[in-house]
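Welcome! Please take a moment to look over the sequence and the model, and then read on for a short tour.

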Amino acid sequence: MIFEGTQRMSRYKSLLIAIAVFVMAWFFLLYASVDVPENPSDLSDTRGLPAVSIYSVILAVIGGVAIIMSGAGILISMRLGSASFVSNFIVFVVSNALLVLGALLGIFIILSYVLDNPFGVAGMFLYLVVIGFVMYAAPRRASFRPLP
């Protein structure tokens, strides 16, 4: 009971770190996609945008919605306080699923287009860190052990 507030604050900090790392990973992906040609099969064709740039913009839109949902989930979770585990877990899953799916999409984009770039590799690592921080922030059941 004494450490409940500390553990909850640690969860919220972990989610805020995950959001910040998600934004950093997106910038790494964007910077890695600068040198990708518009048409890899015909380098003299310079019309249009590279597919990785289009996917990066789509990921930015998904990431923006995911950040808003994750922030709303943090606020709702703070309002719920010490409600039941099931309600806290449902709020967590609904509010952070899009953040994890966005990180998986970022990993897929990097693996498909810019893995040969050091910024792409760093971005992929950061997206994996996002998934790790979100999993760390997941609510857990309290386990009370009786004192001997």
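## The cavity

About 70 Å³ of space lies in the largest cavity of this predicted model. A cavity here is a set of points, on a 1 Å grid over the protein atoms alone, where a 1.4 Å probe fits but cannot get out; the points are joined across faces, edges and corners, and the volume is the space filled by probe spheres set on them. Rolling a probe the size of a water molecule over the atoms shows where empty space is left. Searching the whole structure turns up 1 cavity of 30 Å³ or more.

Which residues line the largest cavity? They are Arg11, Tyr12, Leu15, Ser70, Gly73, Ile74, Ser77, Asn88, Val91, Phe92, Ser95 and Asn96, where a lining residue has an atom within 4 Å of a point. Two or more lining residues come from each of helix 1 (4-32), helix 2 (51-80) and helix 3 (85-114), and helix 3 gives the most, with 5 residues. By type, the lining has 5 nonpolar, 6 polar and 1 charged. In this count Ala, Val, Leu, Ile, Met, Phe, Trp, Tyr, Cys and Pro are nonpolar, Asp, Glu, Lys and Arg are charged, and the others, Gly among them, are polar.

## The overall fold

The protein has 4 helices and 0 strands, giving the pattern α-α-α-α along the sequence. Helices (H or I, at least four residues) and strands (E, at least two) are DSSP runs, numbered from the N terminus. Of its 148 residues, 36% count as buried, meaning under 20% relative accessible area, with exposed over 50% and partly exposed in between (1.4 Å probe, protein chains only).

Contact means heavy atoms within 4.5 Å. Among contacts between residues at least 6 apart in sequence, 75% join residues at least 24 apart. The protein exposes about 9200 Å², and carbon and sulfur atoms supply 73% of it; these areas come from the Shrake-Rupley method with a 1.4 Å probe.

## The nonpolar core

A nonpolar core is a set of buried Ala, Val, Leu, Ile, Met, Phe, Trp, Tyr and Cys residues joined through side-chain atoms within 4.5 Å. Of the 31 residues in the largest one, Leu29, Leu99, Tyr127, Val130 and Val134 touch the most other members. Helix 1, helix 2, helix 3 and helix 4 (118-136) each supply at least two residues of this core, and helix 1 brings the largest share, 10 residues.

What does Val130 touch, leaving aside neighbours within four places in sequence? Val130 is in contact with Ala18, Val21, Phe22, Leu99 and Ala103.

Arg11 sits in helix 1 and counts as buried because its relative accessible area is 10%. Beyond neighbours within four places in sequence, Arg11 is in contact with Ser77, Ala137, Ala138 and Pro139. Gly106 lies in helix 3 and is buried, at 0% relative accessibility. Not counting residues up to four places away in sequence, Gly106 touches Leu59 and Tyr127.

Asp35 belongs to the loop between helix 1 and helix 2. Is Asp35 buried or exposed? Asp35 is exposed, because its relative accessible area is 67%. Asp35 and Asn117 are 82 residues apart in sequence and 9.3 Å apart in space, C-alpha to C-alpha.

## How to read the values

Residues are numbered from 1 along each chain as its sequence is written, and side-chain values use heavy atoms, with hydrogens and water left out. As this is a predicted model, local features need pLDDT of at least 70 and side-chain atom pairs count only at pLDDT 80 or more, while totals for chains, interfaces and linings use all residues.

Conventions. On a 1 Å grid over the protein atoms alone, a cavity is a set of points where a 1.4 Å probe fits but cannot get out, and a pocket is an open set with protein on both sides within 12 Å along at least five of seven lines; lining residues have an atom within 4 Å of a point.
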